[in-house]
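Hello,

Here is the structure I promised to pass on to you. Please open it first, and then read the notes below alongside it.

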Amino acid sequence: MTNDAAREPSASLEGHTPMMQQYLRIKAGHPHTLVFYRMGDFYELFYEDAEKAANLLGITLTQRGTSNGVPVRMAGVPVHSMEQYLARLLRSGESVAVCEQIGDPAASKGPVERKVVRVVTPGTVTDEQLLHDRDDNLLLAIAPNTRIGAQSGTSLGIAWLALASGECWLAEIAPETLADRLALLRPAELIVPDGSADTLLADVDASLHGPVSRSADWQFDTSRARERLCEALDVSSLAAFDVESAPLALAAAGALLDYVTRTQGQLPRHLQGVRLHLDTAHVGIDQAARRNLEITEGLAGPDAPSLLRTLDTCATGAGGRTMRRWLQAPLRSSAEITTRLDRVETLTHGADDALRPLLRGQPDYERVATRIALGSVRPRELAALRDARAALRSIVTQIAELPGDHFAALADALEPPVDAIAALEAALMDEPSALARDGNVIRDGHDPDLDELRAIDAGCGDYLAALEIRERERTGIATLRVGFNQVHGFYIEVSRGQTERVPDEYRRRQTLKNAERYITPELKQFEDKALSAKERSLAREKALYEALVEALRPSISRWQALGRAIAELDALAAFARHARLMGWIRPSFTTLPGIEIRGGRHPVVECSVERFVPNDCLMHAQRRLVLLTGPNMGGKSTYMRSVALITVLAFCGSFVPAERCVLGPVDRIFTRIGASDDLAGGRSTFMVEMTEAAAILHAATEHSLVLMDEIGRGTSTFDGLALAHAIAERLLTRNRALCLFATHYFELTAIAARDPHAVNLHLAATEHRGRVVFLHEVRDGPASRSYGIQVARLAGIPQAVVRAAGNILQQLEARSRQDADQFDLFGGDAAPLDEPPDEPSMPPQSAQAVLDALHALDLDGLSPRDALQSLYRLRAMLDQANPGPDHDG
C-alpha cells in the first residue's frame, strides 16, 4: 500500500464501517467543502478535513481506530460553540457543509440518518453571529458575453446579492471596469462560469474579492434566469423591475440564484425585488478616487480616519450599512437629493437627539426577516420583533410632530404587521431560550398538549419526594434516597449497611463503593413516562416553533420595508446630528456647470484640529482650470480633497462644511493624488501615475471634477514638466473638465496668462526666524517659492545636508536668472555645480594668515562682543588681501 493510500480512505466503500460509508457518501457530494458531521454533542471532521480544520482552528487532531484498514484521523468542535469556529473558517475563505442528525437514534438499527441541511460559504452567511453589522456581505456572479458573433470581451453581466437582507442588484459593465466595480463592492465570494474562470479574473487583484466558486456554464443562461427570478419573486413577469435590457446581468442573476439554492437548500423567496444599477443615476467615483478621498477607509488602514468613520454615528447596524451605500454612490437625481436634504434639514433642529435612544434598541429587521424566510431565525430574535412595537410607536409619534410632510412615507412603513405581532405575543414566552432546541420558547396556555407534557415533567420532583418519604416509612431505612442521573435514570439508593432490609421487588441497577442503587416496577413505569414526556415536550415545542416561523412568512416583506425605513431614518439622523454639531449648511444646486464654495472645510480634518482655516473655491465654464502652487505641507492636497468631499456630501443629500455651497451637475469625480509602486503588478510609481492620468483623460467630461496633484514628479524634470503641461492643456481645452491642478512646476503658471479659462491660486506661507510658517490660506496668484528646503529641515534632514541643499539652490536660481530657459541639469556645457564663478584669487600667504588667525581664536572663551570684533577683524584681513566688489552689497 502506498503512503497516499494509507492516508486516505479507499474510493470504494467496501470494507469501511457503516458510519464511515455514510460519511464518505456525504463527503462525495461536497468534495471541496469542509463537512461538519454531527455526532452527539460534537461536529466531527475526518481525514483531510480534520487536518485542515486542526491547522486553521488550532483544535486537536486525533486518530481513533481504522476503517478499511486506514487510520481514521478526526477533529471536532462542540455543537454549542459552532458559530465561533464557523466564523474563523469563513474568514480563512473556507466553506462548511453542516450535516445534521435527522433520524431517531433509538429507532435506528445502523448509523442514525444524517443529511447536509445547509452549506455556509463566505458569501451566503446569514447568521447574526457571523456577520458584521455595518457591512453588507455580498455574493457576486459574473457572466461573460458568449453570444455567437459577439466580440470577445464586449461586455460583462454582473449580479450581486446581500443574502442577509434580500437585496439584489444587476449591472452590465465594460470588462476593463470589472476591477473597479469589485473594489467598490468588495464581494465576500465570487461565482464565475467554469469555462471562463481563468480569463475573467486574470487581470484582477485577488485582494479585491473573496474566494472564487465555479458554476457550470449552462447555469449562466438568460432564459432560465428569468424563470428562476419569477419563481423567487412570485411574479409572472419581470417587466415591473425594468431589467430586460440587461440580458447578461440576468444570466449572472440566474447563476446566483442557483448557487444560493444549492447552499441554503431552498430558493431564496425573501428577495426584495431586483434593481438595475445604472451608472447614469450616480456620481461616478472610481477606485483611485475612493482611496485618495478616504471615503469609506483611510489610507492608513480600516481603522484610520475616513469620511464614513466621521459621519457614522448611527444607532443601528442597518443605518451604518445604508450610510456606507450612500457615500459610495452619490445621487445625480435632483429630486432624490432634495428629498434627503429636506429630511436632514427637518431633523437638524434637535429631533435627531430624540430619535437616537429609540433607534438604538431596534432589531435588524431586514436580516431577521431573511432568517424567517430561511427558517433559521432564533426565538430571541422573534421576541425582539415583538417587543419593538412600543419603541416604533414612539418613533412614529416623534416624526409626526416634525414640520412638513417629509417623513410621511417613512412613517407609513414603520407600522409593524399586526397579524405577525399578534402571533408572536400569543406564542412566545416573555423571555424565551436562545435556541429552540433547548425548550422554554412557547408560552404556557398556548397549546394543551404541550401544557400536559410540561405538567408531567414539572411534577417529577414532587413525585420523587413523595416516593422517598413513602419508601422510608415502608422499609424503615432512614437513609434511603431517591435520585436521577443522565446515565442510569431514576434510582433508589440504599447504603451498603442497610441492603439486607430492602424489599424483594427492588432490582439492583448500580453498585457503588458504599451504596447500592435499585429500581422498582413502579419507579420504572414512572421513569418511562417522565423521560418520554420530556422528549415529547421538546419535540412538540420544536414543531410549534416551526409552525410559528412558517406563519410569519407572509409578513416578511413588511418587516423588510420596516427595516429599510429604520435604516434610512437612522442614517438621516446621523447626517443631521453631525451637521448641527459642526455648523454645516445646506448646499444648493444649479443646472450650470460649476462649483462655488465659500468658507469650505475638510469634513474629516476639521474634527481633529483645534482650528481649521476655511477656504473658497470658485469654478465655472469661464474658470475651469485652477493651477494651485505652494509649499509642501502647505495644504494643497487638503484643499483639493475638501472640495471633492464637499461635492460628494452634497450629492449624497447631506449638509456640507461650508458657509455657502452652490454646485452644478457633476457626473464623475477623478483624482490623481499620491502614488506608490505596484510591486505585484510590476508597475513603477511613475507608471501608476500615468495609468491613472490616462484613465482621467479618456473619461473626464465638462461635468467632471478632476483633482491632479503633482503630476509628472516620478520622472526627469523636463519629461515631468512636459507631461504635466500637456495634460493640463488637454483637460482645459479638450475635456473641458473642472480641474484643480496642484503642481511644483512654476512654469505651468504661465498657462493662466495665455488662457482666460485658467487661474493661478496658491497656499500662503511665510518665514519667521528662519522657519517656514504655513498659513493654509488660498490666495490669488502663483506662489513665490516652494519652501522645500525649510520643509526638509522640519522633517529632520541633517543640518549639513540642508545647508548644502541651500547652497546648490542658490547656484541653480542664479543660473536660472542668467538664462530665460530652465537650467539644464544634464547639459554638457554647464559648469559643475560645485565650481564657484570666476573671481580674483587670494595670495596663498594671505589665505594662510587668515586661517592662522581663525585657528588662534578661543571659541569657548569668547564673549559675544569679542566674537563680533573677531569677525570684523577677519573680514578686514580678507578685504585687504582680496580687494573686489563691495561685500556689503
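Serine 495 is found in strand 15 (residues 489–495); helices (H or I, at least four residues) and strands (E, at least two) are DSSP runs, numbered from the N terminus. Before going further, please note that this is a predicted model, in which local features need pLDDT of at least 70 and side-chain atom pairs count only at pLDDT 80 or more, while totals for chains, interfaces and linings use all residues. Residues are numbered from 1 along each chain as its sequence is written, and side-chain values use heavy atoms, with hydrogens and water left out.

Back to serine 495: its relative accessibility is 26%, so it counts as partly exposed (buried means under 20% relative accessible area, exposed over 50%, partly exposed in between, with a 1.4 Å probe and protein chains only). Not counting residues up to four places away in sequence, serine 495 touches Thr479, Asn514 and Ala515 (contact means heavy atoms within 4.5 Å). Glycine 157 is 338 residues away from serine 495 along the chain, and their C-alpha atoms are separated by 79 Å.

Aspartate 133 sits in the loop between strand 6 (114–120) and strand 7 (138–144). Aspartate 133 is partly exposed, with a relative accessible area of 37%. Leaving aside neighbours within four places in sequence, its contacts are Gly317, Ala318, Arg321 and Arg367. From aspartate 133 to glutamate 471 there are 338 residues in sequence and 59 Å in space, C-alpha to C-alpha.

**A covered helix**

How many residues of helix 14 are buried? Ten of the ten residues in helix 14 (residues 365–374) are buried, so to speak a mostly covered helix. Among them are the charged residues Glu366, Arg367 and Arg371, where Asp, Glu, Lys and Arg count as charged, Ala, Val, Leu, Ile, Met, Phe, Trp, Tyr, Cys and Pro as nonpolar, and the others, Gly among them, as polar. Just after helix 14, glycine 375 takes a positive phi of about 75°.

**Helices that pack together**

Two packed helices are described by the angle between their axes and the distance between the axes. Axes here are lines fitted to C-alpha atoms, for helices over the stretch in contact, and angles run from 0 to 180 degrees between N-to-C directions.

Helix 15 (residues 379–387) packs against helix 18 (residues 418–427) at an angle of about 120°, with the axes 9 Å apart. The two are therefore oblique to each other (angles under 35 degrees count as roughly parallel, over 145 as roughly antiparallel, 65 to 115 as roughly perpendicular and the rest as oblique). Their crossing is left-handed (the near helix is turned anticlockwise from the far one by less than a right angle; clockwise would be right-handed). Leu382, Leu385 and Arg386 in helix 15 meet Ile421, Leu424 and Glu425 in helix 18. This contact divides into four nonpolar, no polar and two charged residues.

Helix 12 (residues 334–347) and helix 22 (residues 556–582) pack at about 65°, and their axes are 8 Å apart. Here the crossing is right-handed. On the helix 12 side, Arg340, Arg343, Val344 and Leu347 take part, and they meet Glu568, Leu572, Ala573, Phe575 and Ala576 in helix 22. The residues of this contact are six nonpolar, no polar and three charged.

**Salt bridges**

Side chains of opposite charge can pair when their charged atoms come close. A salt bridge is a side-chain nitrogen of Lys or Arg within 4 Å of a carboxyl oxygen of Asp or Glu, and by this rule the count comes to 56.

One of them joins aspartate 194 and arginine 214, with the closest N and O atoms 3.5 Å apart. Aspartate 194 lies in the loop between strand 10 (189–193) and helix 6 (197–200) and arginine 214 in strand 11 (residues 212–215), so the pair ties together parts that are 20 residues apart in sequence. Aspartate 194 is partly exposed at 43% relative accessibility, and arginine 214 is partly exposed at 46%.

Glutamate 606 and arginine 601 also form a salt bridge (2.6 Å, N to O). Glutamate 606 is buried, at 10%, and arginine 601 is buried too, at 13%.

Finally, Asp136, Glu167, Arg275, Arg321, Arg325 and Asp364 are linked in a network of salt bridges.

Best wishes
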